[in-house]
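Reader: I would like to learn how to read the features of a protein model one at a time. Could we begin with the general idea behind each feature and then turn to the case at hand?
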Amino acid sequence: MEKQYKPVPDVEALRYHGTLEKPDIKIFVSHRIDQDSETIDNPLYIPVRCGAVYDDRENVTMLGDDTGDNISEKRFTYNELTVQYWAWKNVQADYYGLCHYRRYFSFATEQLNADIGGSYTGCVKEDFFNWNTEEKYGLNNDKLMSECISKSNITIFEPFDIRKAGFQTIKQSMSMDARSFDYHDMEQCIEIIKELYPEIYPYAKSYLEGYLVIFYNCFIMSRELFNELCDFEFSVLFKLEDKIDISKYSLHKQRIFGLIGEHLVGIWLAYKRFEFDLSVDERKVVYFDNINKRAPDLTPAYNKDNVTIVLASSDYFAPYLGVCIKSIIATSTQSHNYDLIVLEREISDVNKRRILSMKSGFPNISIRFLNVREKVANLHFYINGDRLSQETYYGLLTSWFLPNHSKAIIMDCDMIVRKDMAELYANDISNVMAGAVRDVVFYGLLNDTQTDTYDYVTKELGVRNPYNYFNGGLVFLNMEKFRRTFSLDKISECINKYKLRIVDQDMFNMLLEDNVMFLDPRWNHMIVIDGWVKNNLSYAPASDYLRFEEARKDPYIIHYANVLKPWNDPTVEFADDFWAIAKMTPFYETIIYRSMHEITDVLHQAVFDVGQYAGLYDRRTGARKVADFFFPKGSKRRELLKKIIPKGSKRWAILKQIYYVFNPRFKRPMREDIM
């Protein structure tokens with residue numbers, strides 16, 4: 001069947017054709033049809049869907065490469081070259097450019113350093129695509145860009161020295177990249193150049209034997225040069241298609257024509273620069289890692305009876321988050337709507353699907369995930385334990401994560417809910433900043449004169465009445481009032497500045513003193529564990545202790561706020577409540593597996609300790625062996641060394657980091673838990 005050609009849309013972006021003072025510059029940005037990526041508000045950039053013939057979405061307004069004379073159907077083998085071909089055949093301009101949805105030329109004036117690594121080798125790497133980075137690289141400044149572009153015949157990707165990536169020549173790099181190339185295909189391409197363009201053939205040979213490579217099909221050039229490049233490039237590629245069989249190639253390797261096209265640009269430019277007097281502007285290309293279109297700020301999920309509950313979790317903690325959410329659903333009532341929002345930066349799609357599956361059959365339950373990675377990119381979170389991750393701070397920032405919400409219950413994930421959260425939400429906090437539960441266990445620390453806790457709270461935190469200190473595991477926050485009282489800059493400054501003992505909890509107490517309504521202690525009951533918790537409770541003021549014990553009889557929310565959790569010690573208090581809910585979640589097997597794995601680790605360590613004691617083997621690190629030899633255990637030298645370099649001191653930490661540089665295998669990875 002003969003190919004049908006749809007007319008090219010008559011749109012404003014294609015109508016302008018320039019003046020002597022203002023040349024017509026059109027930079028076509030190739031966009032994927034399976035990603036809703038950000039675009040730049042700049043008339044020089046024209047977003048075009050690559051492979052639009054395969055786009056079955058409705059109401060898409062972005063131009064596609066499937067109108068007029070096109071090769072849109074070749075998207076899977078030609079990549080962004082289908083957009084280049086479409087522009088060549090259908091659009092009039094003085095300057096034609098090509099770049100990608102995540103790669104743009106930088107028009108910054110300062111010196112930039114390129115990265116080496118995978119898909120961004122030779123580019124300047126940026127994590128996020130936003131207004132700040134657009135401004136940083138001049139991407140939204142059409143006047144600056146026009147001035148720079150019109151000064152040269154060609155703007156091209158700054159050639160990358162392939163030797164920095166461990167190769168001696170471009171040919172070697174292609175030959176060793178079996179995932180992308182069969183170098184025999186490139187040899188066929190060179191023979192075609194020899195046949196069709198004998199004047200370019202010597203430059204093709206020398207280019208491939210050289211070490212300066214031009215990647216990524218990114219360029220801007222005058223109309224005459226663009227037409228000449230396209231004539232050369234597509235005539236070679238179309239003939240190459242007839243010569244090589246890619247039917248058995250992998251999906252990635254079938255992109256061979258687009259990948260070879262990159263090198264054809266480098267070959268053609270090598271010829272043009274040597275044979276003709278061209279003005280070439282070599283520029284860095286910026287690679288943006290996160291380019292997904294930013295979703296609008298969340299609004300309440302329901303118009304009435306909206307109970308907003310906010311949780312934060314890492315991917316590792318997702319199974320325990322799932323158990324907490326299941327307990328909220330299990331205690332919900334049909335007369336209320338529950339708006340559950342999970343703040344995250346890395347939770348996998350698999351874990352998200354598992355969590356979302358739990359709301360099936362509950363039309364009054366909404367679960368949404370809000371990725372805040374970009375929003376927290378410039379914050380420096382002080383983490384003082386391997387059971388914590390930066391997610392523990394997110395409650396302090398929730399008011400700005402959710403600017404359309406007036407209040408929310410912000411809670412930790414290591415909790416089990418036993419009573420309808422709508423009853424907690426019914427508390428009137430309109431005249432205060434928050435509702436929270438007194439931290440009775442902490443009050444015991446205040447009364448223990450063997451610690452400096454009282455001085456820490458009153459002097460370092462500046463809390464006037466330390467016996468109003470509340471637990472940060474659950475905060476019913478008046479976000480509207482919080483936003484009016486504190487600026488985001490103020491909260492960000494606090495996070496970046498302070499290194500506190502109980503991180504976010506201490507900060508909440510610093511900020512909200514005398515502006516908190518104390519809730520029934522049953523809404524946040526910390527489990528009792530022998531040792532530290534029991535000891536602190538014995539020091540607590542009598543009245544607070546008695547209220548704690550009364551709440552213990554029937555807690556509304558159980559808070560497993562200790563080192564021992566029910567998933568790693570099923571004998572802790574109220575563990576049965578956790579496991580009863582866990583069995584109803586799609587995470588049950590994962591939690592069981594982790595629990596058994598931790599037990600196995602303990603057994604392995606016990607066996608190792610016995611074996612080492614018996615002298616069966618010695619797995620001490622090199623540093624430990626040296627220390628034991630020169631400073632034997634029990635010797636005076638050993639005791640002196642402990643005083644000079646106390647374990648856990650800054651000196652100890654610095655020496656450990658230096659040792660890890662030379663012996664990285666001994667460095668233990670941190671497990672990203674969240675309290």
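Author: Let us begin with the term pocket: on a 1 Å grid over the protein atoms alone, a pocket is an open set of points with protein on both sides within 12 Å along at least five of seven lines. In this model, which is predicted, the second largest pocket holds about 1,300 Å³ of space.

Reader: How many residues line the second largest pocket, and which of them lie nearest its centre?

Author: The lining of the second largest pocket has 44 residues, and R103, S119, H252, R255 and L259 lie nearest the centre. By class, this lining divides into 17 nonpolar, 16 polar and eleven charged residues. At least two lining residues come from each of β1 (25-31), α2 (75-78), α6 (170-175), α10 (256-275) and β12 (285-290).

Reader: What confidence does the predictor attach to the protein?

Author: The mean pLDDT of the protein is 91, with 91% of its residues at 70 or more. Over residues 668-675, however, the pLDDT is below 50, and this stretch has 30 contacts in the model beyond near neighbours in sequence.

Reader: How many cavities of 30 Å³ or more are there, and which residues line the second largest cavity?

Author: Rolling a probe the size of a water molecule over the atoms shows where empty space is left. Here the count comes to two cavities of 30 Å³ or more, and the second largest cavity has a volume of about 30 Å³. Its lining consists of I27, Y45, C99, Y104, F105, F107, M145 and I220, which by class makes eight nonpolar residues, with no polar and no charged ones.

Reader: In what order do the strands of the open sheet with β17, β22 and β21 stand?

Author: The three strands follow the order β17-β22-β21, with mixed pairing. Because β17 (415-417) and β21 (525-526) stand at the edges with a single partner strand each, one side of each is left without a neighbour in the sheet. Between β17 and β22 (residues 557-559) the pairing is antiparallel over three bridges, and V417 has I557 as its bridge partner in β22.

Reader: Is F587 buried or exposed?

Author: The cut-off for buried is under 20% relative accessible area, and F587 counts as buried because its value is 0%. F587 is placed in the loop between α22 (575-582) and α23 (588-613). Apart from neighbours within four places in sequence, its contacts are A318, P319, G322, N351, R354 and I355.

The residue S152 lies in the loop between α5 (142-150) and β7 (154-157), and S152 also counts as buried, because its relative accessibility is 9%. Leaving out residues up to four places away in sequence, S152 touches Y95, S279, V280 and D281.

Reader: Why is helix α3 described as largely enclosed by the rest of the structure?

Author: Eight of the ten residues of α3 (residues 81-90) are buried, and therefore the helix is largely enclosed by the rest of the structure. The buried residues are L81, T82, V83, Q84, Y85, W86, A87 and W88.

Terms used:
Residues numbered from 1 in each chain as written. Predicted model: local features only at pLDDT ≥ 70, side-chain atom pairs only at ≥ 80, totals over all residues. Heavy atoms only, no water. pLDDT = per-residue confidence, 0-100. Contact = heavy atoms within 4.5 Å. 1 Å grid on protein atoms, 1.4 Å probe; cavity = no way out; pocket = protein on both sides within 12 Å on 5 of 7 lines; lining within 4 Å. Points joined across faces, edges and corners; volume = space filled by probe spheres on them. Nonpolar A, V, L, I, M, F, W, Y, C, P; charged D, E, K, R; others polar. Helix = DSSP H or I, 4+ residues; strand = E, 2+ residues; numbered from the N terminus. Buried < 20%, exposed > 50% of the residue type's maximum accessible area, 1.4 Å probe, protein only. Pairing = 2+ DSSP bridges.
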